[in-house]
Protein chains: 2
Amino acid sequence: MSSKKQLIQPRTLKGFRDFLPAAMIPRERLIDTAKGVYRSFGFSPIDTPSLEYTEVLLGKGGAETDKQMYRFTDHGGRDVGMRFDLTVPFARFAAQHIGTLGTPFKRYHVGPVWRGENTQRGRYREFIQCDFDTIGTTSTTSDVEAALVIHELFRAIGFERFTIRINDRRLLTGLLESLDLLEQQTSVLRVLDKLDKAGPGAVASELKDGVGLSEAQVSAVLEFAQLEGSPAALLEAIEPLVRGAEVGLAGHSGLATLFEAATAAGVPAERIKLDPSIARGLDYYTGAIFETFLDDLPGIGSCCSGGRYDDLATLYTKQDLPGVGASLGVDRLLAAMEELGMIEAQSAPCPVFMPMLEKDRLGDYLALARELRAAGVGVELYPEPRKLGAQLKYADRRGFALAVIAGSSEFESGTCQLKDLRAKEGVEVARGDLAARIGELL
Amino acid sequence: MSSKKQLIQPRTLKGFRDFLPAAMIPRERLIDTAKGVYRSFGFSPIDTPSLEYTEVLLGKGGAETDKQMYRFTDHGGRDVGMRFDLTVPFARFAAQHIGTLGTPFKRYHVGPVWRGENTQRGRYREFIQCDFDTIGTTSTTSDVEAALVIHELFRAIGFERFTIRINDRRLLTGLLESLDLLEQQTSVLRVLDKLDKAGPGAVASELKDGVGLSEAQVSAVLEFAQLEGSPAALLEAIEPLVRGAEVGLAGHSGLATLFEAATAAGVPAERIKLDPSIARGLDYYTGAIFETFLDDLPGIGSCCSGGRYDDLATLYTKQDLPGVGASLGVDRLLAAMEELGMIEAQSAPCPVFMPMLEKDRLGDYLALARELRAAGVGVELYPEPRKLGAQLKYADRRGFALAVIAGSSEFESGTCQLKDLRAKEGVEVARGDLAARIGELL
């Protein structure tokens, strides 16, 4: 029997997270930065429902995600599911609206997705995806642009040392065709995808014993995947290997255009590499493929991946919708930024704290705060006239950079104390100069 | 039997929406504006899970929302639900984390909520809530600040003609106490809440026949609710009516402070009114209450409502967490903005369109676009070298303001054509002046 006053235990479900301000402020900043970069290249925001018909989300079915989908019957008896990625809803969206939207169509989409998967190793059951895609064109321009978006994005977030590794599925297809291994392509690529983590020995064994390749085939595949050098040198080395296959030559030519254009557009050579070992696990990709690694934390894996596909929405429409896009790994990137000390432990939502010293001066405090906000400076006013020390302790804990301190004598003389809470230094400033002085200190 | 090639019908669930760019761009802009204003007052972002234990979400249960909640059993056999508002999760969040966060704590929270309710009259089963609250203080400063946040918010969105109507539950309680109607308070307030829409005649009948008030009690309640005048005049008229009840006097004093401080902080008198008829439907509120109406579309109802409450998280913790906050009606406001012509029918995610005239110049186009982006000007480059007319038609359809047109001769002479797509005018501009000239035109 529960008594009336028994409390409900405040707790969250396993795999789900509360975001406190210290985590949410950098998170929101990262997402805003991504949206700004996407927009600057002409990508438009869209949104789709969190819940969709199960039939729409599962499509052909059979994928791992099917079992992980949160699925139930709604109030109207419909079989519904919570979206497990933003790609399937985008395919449905494109099939439904492309007539209105026209092509090419460039969209970004930032939103939560849900997977009831095992929560080990920093995996969550609810997480944000942050995708951009161009559909309705096969032009290499859009492939180059995807690489440029990734480059600008990482720079805008604050990274200087990162590498976009690029390959083209068609090179791999061409190689496998020339080795008479086209039928085993999916299995070979799945195994090859492990090269970075498992090493060439393990990959060789699995290709031989698991997939059934001959010694010569294993050597050829591994030799290709382990090629190193500048894009120009690699393209020269690869050309003879794929010469026999039209698809391989198309991939070769696409990569040549891509690297030339990216260089012309100002991407430094050390940030963009041709890497024949990049395979990407998914069947979906058919052209250029991208992965992005942080030079100071390569072990964390790719923080932004994507590629070109032949047809986005084949399940929902007969219209061909080829495209190219990538997805920013928000959780992984934030974890990396924290590990690299790029996120301040404390962060206030605005720079200035204003203690309240005299209750009768409420109107004066509010007017002063409003003046600063009108000048573009965010201010938090403490709501009660407590001791100054206690209020400054609150400000320290919240991570404010500056405090503007005023009482009756300051309000009457048109001045205030401007205190740098980091340097613990204060100066008296005329009210008319306050916003400018704050600007200098920030 | 379905054939392999049978398509899945691309459709969304009833009550759920796709947002195309034309709807999503103003939506994202509105939400960004709200977040910016919240931050400028020191409110920090938080987030909570979309899914929670049913026990946590339903609390005492019995509310209308219970039946509307999307509820199911998850993979681990847990009874879970999708959040139907942001208030209940915030209460749970506060109970769980307030020790870490400290008080006062100011948060904003923007996110989707789900209600499987009837979809008539522009109601949706998934919609965004956009709330801000200050908890852990009973200071009137936070009440005033809530009104100031609403005022700055509507101004920042682009409204000049709006009215924040303010009342205090304690005035109503004081009046009802003096009329010996405290026990019927909830019923009386629910009926009074309809005054604006149903009119005094219908409200009088319902108070008499439905709630059982005497003629004299009905007159006293309606007379109070229909008082009009400046805040100062109203406070003078109300004082004798609540003089007998301590709670009424406390409300009177709170409102006096609130209006005085808001005026001192620069809120124009025509935008902030004391309105004794504002009751708010919910039991929850115990002090100042707010509603916000657009002067040009009053019939659309309140676009931002809220108030003060005594205890946020009583279900989850013994710690008292008084607070004050409000919620911006995002859907309602966007509908109003559309009706008032404040949203452009077309809107591109960035201002400049760049047609591609020569495929061989890809690197030059990308470099020029990058120059503009580095100067803060977003540019979309068309991915293929189609006819200029076709590309400009695409740009028109997308709503771009300007086009930067260049081919070999322009790249060689270091110039380009800058075309205003709205005025259909073009000029030749030196490349070095381009960003500045674009800035002048926007």
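This is a predicted model: local features need pLDDT of at least 70, side-chain atom pairs count only at pLDDT 80 or more; totals for chains, interfaces and linings use all residues.
Trainee: What does the C-alpha trace of chain A span along its principal axes?

Mentor: The spans are about 85 × 65 × 45 Å. Of the 442 residues of chain A, 48% count as buried. Among contacts in chain A with a separation of 6 or more, 67% are between residues 24 or more positions apart.

Trainee: Which rotation superposes chain A on chain B?

Mentor: A rotation of 180°, with 0.0 Å of shift along its axis, superposes chain A on chain B with an RMSD of 0.0 Å. This is the relation of a two-fold axis. The residue of chain A closest to the rotation axis is F72(A), whose C-alpha is at 3.2 Å. Both copies use the same surface, as 100% of the contact residues of chain A recur in chain B.

Trainee: How many residues does the contact take from chain A and from chain B?

Mentor: In general, the size of an interface is often given as the accessible area lost when the parts come together. Here there is a residue count instead: 81 residues from chain A and 82 residues from chain B. On the side of chain A that touches chain B, helix 4 (residues 87-101) of chain A gives the largest share, seven residues. That side of chain A divides into 41 nonpolar, 22 polar and 18 charged residues.

Trainee: At what angle do helix 7 and helix 8 of chain B pack?

Mentor: Helix 7 (residues 185-192) and helix 8 (residues 195-211) of chain B pack at about 150°, with axes 8 Å apart. Helix 7 of chain B is therefore roughly antiparallel to helix 8 of chain B, since angles over 145 degrees count as such. From helix 7 of chain B, the contact uses S187(B), V188(B), V191(B) and L192(B). Their counterparts in helix 8 of chain B include L195(B), V203(B) and L207(B). The residues of this contact are seven nonpolar, two polar and one charged.

Trainee: Which strands stand at the edges of the open sheet in chain A, and why is one side of each left without a neighbour?

Mentor: Start with the order, which for this open sheet of five strands in chain A is 13-12-14-15-16, with mixed pairing. Strand 13 (379-381) and strand 16 (425-430) of chain A are at the edges; each has a single partner strand, so one side of each has no neighbour in the sheet. Neighbouring strands of this sheet are turned by 25° against each other on average, direction ignored. Strand 12 (residues 352-354) and strand 13 of chain A pair in the parallel sense over three bridges, and M354(A) stands opposite L381(A) in strand 13 of chain A.

Trainee: Which helix lies across strand 12 of chain A?

Mentor: Helix 16 (residues 434-441) of chain A lies across strands 12, 14, 15 and 16 of chain A, running at about 10° to strand 15 of chain A.

Trainee: How many residues of strand 5 of chain A are buried?

Mentor: Eight of the ten residues of strand 5 (residues 105-114) of chain A are buried. Strand 1 (residues 44-45) of chain A runs parallel to strand 5 of chain A, joined by two bridges, with P45(A) opposite Y108(A). Strand 6 (residues 126-135) of chain A pairs with strand 5 of chain A in the antiparallel sense over ten bridges. In that pairing, F127(A) in strand 6 of chain A is the bridge partner of V113(A).

Conventions:
Residues are numbered from 1 along each chain as its sequence is written. Chains are lettered from A and ligands numbered from 1 in the order in which they are written. Axes are lines fitted to C-alpha atoms, for helices over the stretch in contact, and angles run from 0 to 180 degrees between N-to-C directions. Helices (H or I, at least four residues) and strands (E, at least two) are DSSP runs, numbered from the N terminus. Angles under 35 degrees count as roughly parallel, over 145 as roughly antiparallel, 65 to 115 as roughly perpendicular and the rest as oblique. Two residues are in contact if their C-beta atoms, placed from the backbone, lie within 7 Å. Ala, Val, Leu, Ile, Met, Phe, Trp, Tyr, Cys and Pro count as nonpolar, Asp, Glu, Lys and Arg as charged, and the others, Gly among them, as polar. Copies are superposed by least squares on the C-alpha atoms of residues with pLDDT of at least 70 in both. Two strands pair if DSSP finds at least two bridges between them. A residue is buried if 20 or more other C-beta atoms lie within 10 Å of its own, exposed if 12 or fewer, and partly exposed in between; C-beta atoms are placed from the backbone.
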